[in-house]
Amino acid sequence: AFKLHVTPDNAQVIVLANGVKQEWMLENGEANLNLMEGQYHYTITAPEYITQEGTMTVDADHSDTTITLISKYGWLNVSHEDTTLTVEVQCEGRMAMKYPLPVENMRCVPGNYVLSIKRAKRFPWTDTLDIQAGDNSTLSPKLVAKKKEKTKLQKNMVLFL
């Protein structure tokens, strides 16, 4: 028996075998099939995933195949110890949006993103990310405290103490 494992498990598997197109039904992302040895051309599609085509070989050495589709989106995670803050996210000229921290598994269309966090008495944090299909990006920004400049009077007072 030949086992095909596919992620995501709601994918559609179309196979060309001996000139005949057929759909292989998946149960929990798996198809168990009795196949003749040979080459099988496949097309696997799923909503929100990049379609994958190829040829699989079935013989004594190839009785188990795993195929994982790549998401059409990237995923963004931003963590910070101060959950009262927001992160501003802007993608390639689109309107900037603010999201409360932490941001977990935010779906992003592929592209360039500018992220920024502002907090009183801290330098603003900004980063630019190029998110590609299938990426899973995780950031843990650190905001640096602004140092107070002592006035001349405060410096002079220290000298007299």
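Which residues line the largest pocket? Val-89, Gln-90, Cys-91, Arg-94, Met-95, Met-97, Tyr-99, Met-106, Arg-107, Cys-108, Val-109 and Tyr-113 do. This is a predicted model, where local features need pLDDT of at least 70 and side-chain atom pairs count only at pLDDT 80 or more, while totals for chains, interfaces and linings use all residues. Residues are numbered from 1 along each chain as its sequence is written, and side-chain values use heavy atoms, with hydrogens and water left out.

**The largest pocket**
- A pocket here is an open set of points, on a 1 Å grid over the protein atoms alone, where a 1.4 Å probe fits, with protein on both sides within 12 Å along at least five of seven lines; lining residues have an atom within 4 Å of a point.
- Two or more lining residues come from each of strand S9 (86-91), strand S10 (97-100) and strand S11 (103-108); strands are DSSP runs (E, at least two residues).

**The cysteines**
- The structure has 0 disulfides, a disulfide being a pair of cysteine sulfur atoms within 2.5 Å.
- Cys-91 counts as buried because its relative accessibility is 6%; buried means under 20% relative accessible area (1.4 Å probe, protein chains only).
- Cys-108 is also buried, at 2% relative accessibility.

**A charge over a ring**
- The charged end of Arg-107 sits over the ring of Tyr-73, 4.1 Å from its centre; the rule asks for NZ of Lys or CZ of Arg within 6 Å of the ring centre and within 35 degrees of the ring normal.

How values were computed. Buried < 20%, exposed > 50% of the residue type's maximum accessible area, 1.4 Å probe, protein only. Helix = DSSP H or I, 4+ residues; strand = E, 2+ residues; numbered from the N terminus.
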